[in-house]
Amino acid sequence: LKTTQIDTAKYLHDGGFDASGRYFMTAANASDKIVVIDTKESKLEAIVDVGKIPHPGRGANFKHPKFGPVWATSDLGDEGISLIGTDPKKNKAHAWKVVQTLKGQGGGSLFIKTHPKSTNLWVDTTLNPDAKISQSIAVFDINNLDKGYQVIDIAACAGLKDDGAKRVVQPEYNKAGDEVWFSVWSAKDKESAIVVVDDK
């Protein structure tokens, strides 16, 4: 078992691999950066400036209509969603750079998600102080990102009757890529729920 220490930026939090499975992208959320590690060479590939307090979960990989393969992160500290180019072989000019910043509903995002069979990009805003925002989800059309997002009131879909917070968190796809599952969080003495949305 080999251990390699790589100096990066503070403080490393969550992250995931790019579409190739070679590069690990992780949030240095105290520095407002994404750190890119080349796992094949065990070295630092890049450090990318992004929005305030990035919180990608595992991040989201998809093929951008203009810039090719990208990995996306949303932010806790602002409404930005950073799309970072991840193809140094075929799209070298865009690799390890923010190629586009989308504007989401607001800060407080914890997870961003898509699926290889989907053209949708889902972004939660779980910790936003505005209940209308924390109880809903923003969904972008990957083929028309400039159009902006559509809002779906996931908490309302749950039909919960009490006064719980009903914060919507962590979109997850089923294996087929045609359903997205959301948790609707409330306090332990309040009702919570899981809501399943048709991705089509």
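This report covers the cores, backbone exceptions, surface patch and salt bridges of a predicted model.

**Cores**

Nonpolar side chains in soluble globular proteins tend to be buried together. The largest nonpolar core here holds 15 residues. Those with the most contacts inside this core are Phe-62, Ile-81, Leu-83, Leu-102, Ile-112, Leu-121 and Phe-140. Five strands are named as giving two or more residues to the core: E5 (60-64), E6 (68-74), E7 (80-85), E8 (98-103) and E10 (120-124). Domain 1 (1-103) and domain 2 (106-199) both contribute residues, so this core lies between them.

Leaving aside neighbours within four places in sequence, Ile-81 is in contact with Thr-73, Ser-74, Gln-100, Thr-101, Leu-102, Gly-104, Ile-112, Val-123 and Phe-140.

**Backbone exceptions**

Most residues other than glycine have a negative phi, and most peptide bonds are trans.

The peptide bond between Lys-10 and Tyr-11 is cis, with omega about -15 degrees. Tyr-11 sits in the segment before strand E1 (12-17).

Ser-42 is not a glycine, yet its phi is positive, about 55 degrees. Ser-42 belongs to the loop between strand E3 (33-38) and strand E4 (43-49). Its relative accessible area is 28%, so Ser-42 is partly exposed.

Gln-170 also has a positive phi, near 55 degrees, without being glycine. Gln-170 lies within strand E13 (residues 167-173). With 31% relative accessibility, Gln-170 counts as partly exposed.

**Surface patch**

Trp-181, Ile-194 and Val-196 make up a nonpolar patch on the surface. Together they have about 300 Å² of accessible area. Ile-194 belongs to strand E15 (residues 193-198). Ile-194 is exposed because its relative accessible area, 57%, is over the 50% cut-off.

**Salt bridges**

Side chains of opposite charge can pair when their charged atoms come close. The model has eight salt bridges. The table lists some of them.

| Pair | N to O distance |
|---|---|
| Arg-22 and Asp-38 | 2.8 Å |
| Asp-49 and Lys-33 | 2.4 Å |
| Asp-162 and Lys-166 | 3.9 Å |

What does the Arg-22 and Asp-38 pair link? The pair links distant parts of the chain, 16 residues apart. Arg-22 is in the loop between E1 and strand E2 (23-28), while Asp-38 is in strand E3. Arg-22 is partly exposed, at 23% relative accessible area. Asp-38, at 1% relative accessibility, counts as buried. Arg-22 and Asp-38 also join Glu-41 in a network of salt bridges.

Asp-49 counts as exposed, at 52% relative accessibility. Lys-33 is partly exposed, with a relative accessible area of 23%.

Lys-166 counts as buried, at 10% relative accessibility.

Notes: Residues numbered from 1 in each chain as written. Predicted model: local features only at pLDDT ≥ 70, side-chain atom pairs only at ≥ 80, totals over all residues. Heavy atoms only, no water. Core = buried A, V, L, I, M, F, W, Y, C linked by side-chain atoms within 4.5 Å. Buried < 20%, exposed > 50% of the residue type's maximum accessible area, 1.4 Å probe, protein only. Helix = DSSP H or I, 4+ residues; strand = E, 2+ residues; numbered from the N terminus. Domains from an automatic or database assignment. Contact = heavy atoms within 4.5 Å. Patch = residues over 30% accessible without salt bridge, like charges linked within 9 Å, V, L, I, M, F, W, Y side chains within 5 Å. Areas by Shrake-Rupley, 256 points an atom, 1.4 Å probe, with all protein chains shown as cover. Salt bridge = Lys/Arg side-chain N within 4 Å of Asp/Glu carboxyl O.
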